[in-house]
Amino acid sequence: MFPIVVAKNRCGFLQSHRCGDLRRGLLVLTAIAALSGSTGIALGQDAKFSARVVDESANTQRLIVPLHRSVTVETTAEITRADIMARDIADVQVVSPTRVLITGKRFGTTALILMGSDNKQYQFEVSVELDLRELTEALSAIDPLSTARATSILGNIVLTGTVSSTQRAERMTELARLFLPTKDEGGRKTEVQNHLELAGEQQVLLRVVVAEVSRTAARELSVNGFLAGENFRDGFIVNQLGGINPINIGAAAGELVTRNMAFVTGEAGIPISPQTTLSLGFPRVQMQLFLRAMADNNLLRVLAEPNLVALSGETATFLAGGEFPILVPQGDFRVTVEFREFGIRLKFTPVVRGHQRIRLHVAPEVSELDFSASVQFQGFVVPGLSSRSMETVVELGNGQTIAIAGLLNERIRGVSSRIPGLGDIPILGSLFRSVQYQKSLTELVILVTPEIIAPLDPHQTVYLPGEDLADPSDFELYAMGFLESRHKAVQEQNDDTNAQLGSDPEQLSVHGPWGHAGAVR
């Protein structure tokens with residue numbers, strides 16, 4: 001047996017041999033063994049070859065040499081010889097019997113062998129990297145409370161540690177790029193690897209309040225009528241306000257105005273338009289007046305409060321509403337149906353910055369069906385949409401509230417139609433005039449409040465909507481008309497947590513949580 005000892009290191013050998021030398025040596029040994037078998041040399045048919053790998057990494061010291069700079073190594077023993085495996089990575093020079101100078105030439109790792117005067121070998125692992133001491137000091141200046149540090153791996157800069165904000169992490173990455181070499185001698189592109197982590201909680205709860213009040217007032221007066229006949233004794237009056245149950249009463253159709261006309265009801269008479277709010281008739285005088293007199297006041301109040309949680313840097317969306325169909329003609333008398341969403345929508349992207357500052361990209365929207373702007377197509381009614389939306393980027397502190405949108409819209413519209421001359425007569429001219437006056441006022445405010453939050457602990461509980469709901473007894477359901485058990489609602493009033501969201505059991509037959517979230521009753 002011929003044992004061969006190979007010392008393991010980064011280059012493959014302990015001494016300054018090349019891989020080809022070992023291969024040639026093994027071929028020579030194989031050839032000798034073959035010749036020995038043929039010439040009778042005492043190797044025999046049962047001779048076996050074995051190899052053992054010796055791991056010298058435990059006795060190997062590691063040296064980091066900056067690129068294009070030199071490091072001096074002092075030894076306690078005198079050095080008679082210094083060999084380095086890859087001279088394209090680093091170069092070595094013996095300055096004195098106890099001092100060696102190592103110069104970095106290219107990114108990489110190689111082995112250094114020092115031969116002492118006592119014929120002992122000392123092995124070192126030499127890594128050529130960037131000198132990042134100045135970068136580490138600059139990182140501490142950017143964020144003194146951070147644990148950020150920079151390390152070099154094969155010429156790449158790796159940033160690790162914890163920083164206080166995303167803004168400071170971006171500044172550290174930009175600064176680290178300045179320390180990259182302008183030319184990579186190894187033929188490989190180097191870059192900055194950002195592995196920094198943000199300190200603290202990174203989940204953001206966004207509370208959005210959309211409050212809107214719309215007031216509309218309209219006044220209108222229009223008069224139509226006819227007059228014929230001889231005298232005035234009886235009369236009638238018809239109220240058509242709202243058109244709940246239209247009534248048709250008036251002169252008979254087809255009657256001549258040169259003689260007394262019969263006032264009839266039903267299909268035989270002249271129909272009264274639903275737009276007529278008031279009609280006065282005097283059969284004896286053969287006169288009937290049609291008036292459209294209306295004073296209309298509308299009030300609309302919308303309060304939406306969507307809440308949504310998202311991780312810093314991630315986008316979250318929220319929709320509470322539905323979809324309505326839209327008919328889309330495709331030609332050749334074909335129609336397809338598309339659906340469009342409506343309701344309360346929220347989309348936002350938070351970014352947690354330093355000192356609990358939060359940058360928000362937020363886009364809330366409130367939309368509802370508007371049948372006053374509907375379109376009819378082949379018997380189908382497609383409603384319009386009344387929407388209020390906005391999109392912006394703001395920055396504010398944890399728990400602070402800011403109004404990101406506001407609207408004060410006042411509109412006045414007046415229309416007056418008259419018959420020239422007759423309509424200008426005072427008082428009597430109102431019989432030949434039609435006037436319409438409309439005024440609307442809309443107020444809209446959108447508020448946002450971001451909060452940095454953490455998940456609940458296992459021992460913490462949360463109140464769920466409908467948690468205090470209980471089925472009513474027969475007496476409560478049939479006798480009192482309650483749809484929820486009054487007994488449990490009364491008990492919940494003693495609980496401070498649920499009392500904030502509970503309604504008074506004496507109010508209506510439907511009880512339970514009411515009002516927007518966070519309201520204290």
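At 0% relative accessibility, Thr110 counts as buried, a class defined by under 20% relative accessible area, with exposed meaning over 50% and partly exposed the range in between (1.4 Å probe, protein chains only). The model is predicted, so local features need pLDDT of at least 70 and side-chain atom pairs count only at pLDDT 80 or more, while totals for chains, interfaces and linings use all residues. Residues are numbered from 1 along each chain as its sequence is written, and side-chain values use heavy atoms, leaving out hydrogens and water.

Thr110 belongs to strand β8 (residues 108–116); strands are DSSP runs of E, at least two residues long, numbered from the N terminus. A polar atom of the Thr110 side chain lies 3.0 Å from the backbone nitrogen of Ala86.

Turning to the sheet, three strands form an open arrangement in the order β4-β7-β6, with antiparallel pairing (two strands pair if DSSP finds at least two bridges between them). Here β4 (70–74) and β6 (90–96) stand at the edges with a single partner strand each, so one side of each is left without a neighbour in the sheet. Five bridges join β4 to the antiparallel strand β7 (residues 99–104), and within β7 the bridge partner of Ser70 is Thr103.

Elsewhere, Ile425 sits in the loop between β25 (402–418) and β26 (433–453). Because its relative accessibility is 34%, Ile425 counts as partly exposed.

Terms used:
Helices (H or I, at least four residues) and strands (E, at least two) are DSSP runs, numbered from the N terminus. A polar contact is a pair of N or O atoms within 3.5 Å; within protein, one must be able to donate a hydrogen and the other to accept it, and residues adjacent in sequence count only if both atoms are side-chain atoms.
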